[in-house]
Amino acid sequence: MMRFRLKTILSAIIAASALLAYAENTAFSQDGPLPQLMPFPVNTHIEVETPQPVPLPPIDRLEAMDAPDDAGNTVILSWPAPRDEKQEQKYIIEATSDVGGPWRQVASFSAMTSFKADLPRVFGWNAPDLKTSHAIEINLAPPTRAFTDKLDESNYKKNLKLKDTLKQIEDSIKDMAPAEKDAFADQIAELRQEILELENKAPVTATRLEPDHHYYFRVIRSEGERRSPAIGVGVIPRGNWFDSGKLNNFAIALVLAGLIIFYVYRTRKKPDNIFIRRIPGLEAVEDAIGRATEMGKPIFFVHGLADMSSISTVASVNILGKITERVAEYGTSFKVTNKDPVVLAVSQETVKEAYLRMGRPDLYRDDDVFFVSQDQFSYATGVEGMILREKPASIFYFGYYFAEALLLTETGAHMGAIQISGTDSYTQLPFFITTCDYTLMGEELYAASAYLSRDPKLLASLKAQDLMKGLIIVFIIVGVILSTAGVDWMTHIMESF
Amino acid sequence: MLFFKRQLPLAIAFFFGMVGFFAQYIPHHSFEALYNELISWVRLLYAFALILGTYSLLRLHSKRIERKAPGFGYSLVLWAGFIATFAAGMYNDGRGFLAGQSDSGMLMWIYDYVFKPAGATMFSVLAFFIASAAYRTFRARTTAAGMLLASAIIVMIGRIPIGDMISEHLPILASWLMEVPNAAVKRGIFLGVALGVVATSLRIIFGIERAYLGGD
């Protein structure tokens, strides 16, 4: 059954990769290789206005291309740097979705900056014009929904004010003659556009790039009052089905996944006595529970602040199940504090199942796994108060912590509790080491579940993880040697393809 | 029944795990839209879970009041605080609970003059806790503790103006300690953490790690 599942999973991954590669090739083959220039004539001079006084010479050979490896909201403009370029000059980039305008400024940068060399993933590392041609990435992605909500929240008042202003203007010009009203037309149009943009309801304009739409860009060179004639070019941004810049990352993930599946499969066929080094913090779990039992005092399990989407929280829930099994053997009072309501629900289920598994469902009480507060310091205060009042003999801290870490552990230390902590929060590790009896650092937190359960499958995955770590260390050492010797290809592979 | 307790959650974890995995490598806008949609489901889930959390908290404190457990006065304070804040939130400065949140009124007063100062007080207590924790740690009973003490003194003094007055080398030494040995250790921990995160995620996606479902 397991063999069938593993094969199915592997086949699914291979099939998915093949499909992705096909989709990617199809996408490229439809549009041809980059750049994708549109019918809008390249290098067309568009007179904006008569520059005063003497106009600067226009730029030459402007090219636009759809940016690779993106959602379809980015284009790249490039052109050779003019010979007479000066530091005090700058380039203004304007865009529109209609060849007739209106044009909106979408970017600007100082001359002598922003070259093709800044975009090695697009132009490579060895092209001859890397430092003599300008290139700029125009990314006008629409805000994601989560971001939009935040935007609405922070701009809520601004939006209300704009609407008030608009209403005031409209009321004040209600009785005016049409000619007088016209004087306010631009102001009203601008306000309406701003309101729509704040509400993320603005029509598709060059304020954001929608995939598969035509857009036109023009570049103007300026120096003080002097401006060059604008040079324009058209392009269609398209979404890509694979981010080739993450190919290195993808390969590493596949290798690690392959190693885990291989070792788990091998362990199932031939269970080895897999060695795992002693972790004192986890060895002490038994002592901590025994101590609390002997003293007749409760044991606390304090979750960190991260929610269920954090892997450190998942790891701490895994540990919670194993600790509860040990607690069930002794029948000691066990309390679990939660900062997150979803973690609360998962923890309640985990503790209940663990008691059930050990044949002690009678020990489980919903009130022993409880919610304290979603606010950081309210949570810390609540837990500290409980530690002071109930004087637990042992306290476990597992998960991701912030500034409250020291408040909690120092209080526990003052109460004389044996404290075992585990976190991948680098900044809080010193505080845990200082105040706790045992601390699981970083990856030990993730290994704890396997360590406590001794499940061969989990131990096998740890072996794969260690092998991967060894491979990465070899890469680092070889990379350092090559880079020191001036050979950069490996650095480029690690940075991006 | 086992299907709902085991197979279905594992299938859901596999599906959403794979979507999350591929979302890192597929930038296409249609996949991005799917991923954002799924993320928005999480927020819905949280809205319901918050009700569960509030219920858990209030029930716990109700029982403490009922039993007149030691310190039940704190539970009374919690209930009073909850009722006052909830009422202020519903009243919403006279706008009613269906309108958008008002930025003035009783709720904001509670937030500005009770909640925020209480949080700031707790945060400031941290300074005293650091002092007492540092005292315990810096008692140089072992070579490692001695080295820690010496490094801490160099870094602390090297980062304030008096450090430069004592010796111009002190700030350089403090920076070196932070940028070389400290950064090396930090990167080592990060490397282990990153691999641990990926391995744990893969264990969950492939159904090898099931403890979060209540164990095997």
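This is a predicted model: local features need pLDDT of at least 70, side-chain atom pairs count only at pLDDT 80 or more; totals for chains, interfaces and linings use all residues.

Residues are numbered from 1 along each chain as its sequence is written, chains are lettered from A in the order in which they are written, and side-chain values use heavy atoms, leaving out hydrogens and water.

**Where the chains meet**
- Chain A brings 86 residues to the contact and chain B brings 75, with contact meaning heavy atoms within 4.5 Å.
- Together the two chains bury about 6900 Å², 67% of it on carbon and sulfur atoms; buried area is the accessible area (1.4 Å probe) lost by two parts on being put together, summed over both.

**Pairs across the interface**
- Three salt bridges are found between chain B and chain A, each being a side-chain nitrogen of Lys or Arg within 4 Å of a carboxyl oxygen of Asp or Glu.
- One salt bridge joins B:Lys63 to A:Asp367, with 3.1 Å between the closest N and O atoms.

**The side of chain B that touches chain A**
- Helix 1 (2-23), helix 2 (29-67), helix 4 (106-137) and helix 7 (169-205) of chain B each supply at least two residues here; helices are DSSP runs (H or I, at least four residues), numbered from the N terminus.
- Helix 2 of chain B gives the most, with 20 residues.

**A place on chain A**
- A:Val255 lies in helix 7 of chain A.
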